[in-house]
Amino acid sequence: MKSGQAAAFPEADVVRDIGYVSTQDGTRIAYISYRPKSGRYPTVFMYDPYNASATPFQQAKEFLDAGYAFVGANMTATGCSEGIIDHWYTRKEGVHGAEVVEWIARQPWSDGNVGMVGNSSAGSSQLWVAAERPPHLRAIVPTGVEDDFVNHEYLGGVAQPALVEWAFRTQFLIPLSGMEWRINEGDAQCDQICESGRQIIKRPFFDEMLKHPVKDEWWDLVSPVRPDVAGKINVPTLIVAMFQDFGATAESIKIFTQQMAEVKNKKLVMINGDHGSAGLGPRGYSIVDAERMKFLDRWVKGVKNGIENEPPVTVYWEVQVPDGDAKKSVAGWVTHHETWPDPAVERRPLYLTADAKLSPDHPGPSPDDDGARLYLYPTGVELVSDNQQFAVEPCSTGVLNYRSAQATSDMTLLGNPEVRLYLGIDRGDDADLALTLKDIGPDGNVLFLQSGLRRASFREIDEVQSHADEVVPTFRKSEKLEPGKIYEIRMSLIGPIAHVVRSGHSLELTIGAPSANRGLPAGAISINRVYHSEKYPSKILLPILPNAVAKAPAPECGTLRGQPCRKETSFCPGGLLPLQ
């Protein structure tokens, strides 16, 4: 078989190596490799803190069948890899990963061309490695990138308990299965490394994270989304992001538009779905598999497939997984765009009203008050993890709901809505705003579109980083609230959306408090107020793509990943008092 020729490889026809790469500073990085028995091949490389160095054959097979060799390696001081580091997310991880890239290129079975893949931490690691500019790295495909104070650990300024658990499990629990597997497969060095004092993380990441509740210099150092890391990447890059992967899409857009402005061959793909929908393995969409392979084939294997002539931004709309099989994923339709946000998008306001409406009309003068609506904080929580949780409607007195009139024609949303609320509290010194935006069908189907989360004390806006599609807080200081005062809160939702509000459908915005897995609510038990008047015009700015319409029937309720759906019988405005 000639080098690069694709074939279906049974495991018996593949060479598997389990070993260690020695770096220039003497650190041993654990790896596993799969390759055909003869020939030289381009190589796909995955680098993560989980079990990359124990990657199973079935995960590597996709790339072997496509004509690649595969290497998985554990990041510095994780799994069976050596390393002495202060904490996760340091340049040392990138330096060691870059050395693995160059080690791969020197192997007799390698043709010298290496591309990187991986989701979540294995996506973020690619930024650190590519910033070192190893000569034989040809392309990267990071997906599910979530490494930033704003969009990950302190989402909206609120500490995320689930991420504390993630950091703990990743450092102390998850890699154990991979380590045990390697030892059972004959790795005689792993136990020695773990007991040698050459694998040390001095400070657990979850401890460090909680020490820094504002976006200080420490966060600047651990985030790869900065000019001296992501800004140094010079290889072709495909970024894939899921709209309902909280924080990841906004982060991906920032990397694509700001940090990688000078990268010539780059592409951004956005799809509805959750965090695992962009990953390798059975949960990953076949649509993502195809996009990733096409990109690797062009820039790592050198296949002239014309991808460089395609528009740089692709949006897949209403992707579904028939029979629950992600490998059968199918999009309702696909659009392509030259930039993000699309310059054709218009920002149109819908004003929140005292009678629980979303109205295009700016509030007029009020003869007696500011049209405040009251809700009991923090009792109203809307759970959006899955259909079962979403079916439990939030406590009506703890939320405020606002609904638009039914659309008379299709209204296409493409981008991140901005919300401006005028808020007051009766007690305490802070409040967390948890928002949900939903599509309401004439048949009573309530479809989740996107969340919003903001700690009200983080009101300072970074005017330099903010742009048409995202309001970016500085998160540098917390300015506490005083009971009785009215504050303007400007916020974007957690990420953008691509959704058509079809004719006969409405939009609903809900204001409440975060659930426990989104952080303990700040402040005290309080009667909070949202104001609606000429002086205090609370509103949502919608990113509307003119003249665009749905190109497929609406998906059935409950069939979209990351977008739970429920039935309702009637509109509940919520709040403590009857509507005016």
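Rings of Phe, Tyr and Trp (its six-membered ring) count as a pair if their centres lie within 6.5 Å; planes under 30 degrees apart are called stacked, over 60 edge-to-face and the rest tilted. By that rule, the structure holds 12 aromatic pairs.

Before you start selecting, a word on the model. This is a predicted model, in which local features need pLDDT of at least 70 and side-chain atom pairs count only at pLDDT 80 or more, while totals for chains, interfaces and linings use all residues. Residues are numbered from 1 along each chain as its sequence is written, and side-chain values use heavy atoms, with hydrogens and water left out.

**Stop 1**

Select tyrosine 31 and tryptophan 103. Their ring centres are 4.6 Å apart and their planes stand at 50°, so the pair is tilted. Tyrosine 31 lies in strand E2 (residues 28-36) and tryptophan 103 in helix H2 (residues 91-106), so the pair ties together parts that are 72 residues apart in sequence. Helices (H or I, at least four residues) and strands (E, at least two) are DSSP runs, numbered from the N terminus. Both tyrosine 31 and tryptophan 103 are buried, where buried means under 20% relative accessible area, exposed over 50%, and partly exposed in between (1.4 Å probe, protein chains only).

**Stop 2: the disulfides**

Next, show the cysteines. A disulfide here is a pair of cysteine sulfur atoms within 2.5 Å, and a search of the whole structure finds two. Cysteine 80 and cysteine 190 form one of them, with sulfur atoms 2.1 Å apart. This pair links distant parts of the chain: cysteine 80 sits in the loop between strand E4 (69-74) and strand E5 (83-85), and cysteine 190 in helix H7 (residues 190-195), 110 residues apart. The link of cysteine 80 and cysteine 190 is left-handed, with -80° about the S-S bond, and both cysteines are buried.

Then move to cysteine 557 and cysteine 565, whose sulfur atoms are 1.9 Å apart in a disulfide. The torsion about their S-S bond is about -110°, so this disulfide is left-handed. Is cysteine 557 buried or partly exposed? Cysteine 557 is partly exposed, at 33% relative accessibility, and cysteine 565 is buried, at 8%. Counting bonded cysteines along the chain, the disulfides follow the pattern 1-2, 3-4.

Cysteine 194 is partly exposed, with a relative accessible area of 32%. Cysteine 395 is also in no disulfide, and the nearest cysteine sulfur, that of cysteine 572, is 9.3 Å away.

**Stop 3: salt bridges**

Colour Lys, Arg, Asp and Glu for this stop. A salt bridge is a side-chain nitrogen of Lys or Arg within 4 Å of a carboxyl oxygen of Asp or Glu, and by this rule the count comes to 40. Start with arginine 198 and glutamate 82, whose side chains meet in a salt bridge (3.2 Å, N to O). Arginine 198 lies in the loop between H7 and strand E10 (199-201), and glutamate 82 in the loop between E4 and E5, so the pair ties together parts that are 116 residues apart in sequence. Arginine 198 counts as partly exposed at 35% relative accessibility, whereas glutamate 82 counts as buried at 1%.

Go on to arginine 182 and aspartate 187, which meet in a salt bridge (2.9 Å, N to O); both are buried. Lysine 477 forms another salt bridge with glutamate 479, their closest N and O atoms being 3.9 Å apart.

**Stop 4: charges over rings**

A charge sits over a ring if NZ of Lys or CZ of Arg is within 6 Å of the ring centre and within 35 degrees of the ring normal. Zoom in on arginine 298, whose charged end sits over the ring of tryptophan 299, 4.2 Å from its centre. Then find arginine 373 over the face of tyrosine 402, at 4.8 Å from the ring centre.

**Last stop: an enclosed helix**

Finally, select helix H10 (residues 248-259). Of its 12 residues, 10 are buried, so H10 is largely enclosed by the rest of the structure. Among the buried residues are Glu251, Lys254 and Phe256.
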